[in-house]
Amino acid sequence: MTEPDLCAHCAAPITAPRGARGPKPKYCSAACRQAAHRARVGGPAAVSNLMADLSETFQPIAEAAVGMRKGLEEEHGYSPTMAEMIAGQYHAAMVKGMAEFLFAAQIKLLRK
Ligand SMILES: [Zn+2]
């Protein structure tokens, strides 16, 4: 399997370069490592914390959809109804994909 390792806290792919020595990184950032420690101390709140972080994950998708609707309407001459529909479909597809990805990541997290 070639999928990238996911941050054990926020489930983002870990992109930090790996040194030749040492264990592979479990978190994408120092902030996540600390948050994960707090979550561990808090026990089963770990998944709740992960879910609380999701609002930040979904925010850019909502913003992109709003931008897309405006662009379709103002720059490409779509009717407001069409622009709303197309941007709405884009938003729904992105949220669905993200939700499936995060669900898989949570399962992975819970099995550790
Ligand atoms: Zn992270």
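Leaving aside neighbours within four places in sequence, A105 is in contact with L6 and A11; two residues are in contact if their C-beta atoms, placed from the backbone, lie within 7 Å. The structure is a predicted model, in which local features need pLDDT of at least 70, side-chain atom pairs count only at pLDDT 80 or more, and totals for chains, interfaces and linings use all residues. Residues are numbered from 1 along each chain as its sequence is written.

**The chain as a whole**

- The chain contains 3 helices and 0 strands, where helices (H or I, at least four residues) and strands (E, at least two) are DSSP runs numbered from the N terminus.
- Read from the N terminus on, the order of the elements is α-α-α.
- The chain has 112 residues, of which 15% count as buried; a residue is buried if 20 or more other C-beta atoms lie within 10 Å of its own, exposed if 12 or fewer, and partly exposed in between, with C-beta atoms placed from the backbone.
- Among the contacts in the chain with a separation of 6 or more, 37% are between residues 24 or more positions apart.

- A105 belongs to helix α3, which covers residues 80-110.
- A105 counts as partly exposed because it has 18 C-beta neighbours inside 10 Å.
- Along the chain, A105 and C10 are 95 residues apart, while their C-alpha atoms are separated by 9.0 Å.
- Q106 is also found in helix α3, and Q106 is partly exposed because 16 other C-beta atoms lie within 10 Å.
- Q106 and A8 are 98 residues apart in sequence, and the distance from C-alpha to C-alpha is 9.0 Å.

**Residue A11**

- A11, one of the contacts of A105, lies in the segment before α1, the helix of residues 30-41.
- A11 counts as buried because it has 21 C-beta neighbours inside 10 Å.
- The backbone angle phi of A11 is positive, at about 70 degrees, although A11 is not a glycine.
- Most residues other than glycine have a negative phi.

**Helix α2 and residue A62**

- A62 has its place in helix α2, which comprises residues 46-74.
- With 13 other C-beta atoms within 10 Å, A62 is partly exposed.
- A62 and M94 are 32 residues apart along the chain, and their C-alpha atoms are separated by 9.3 Å.
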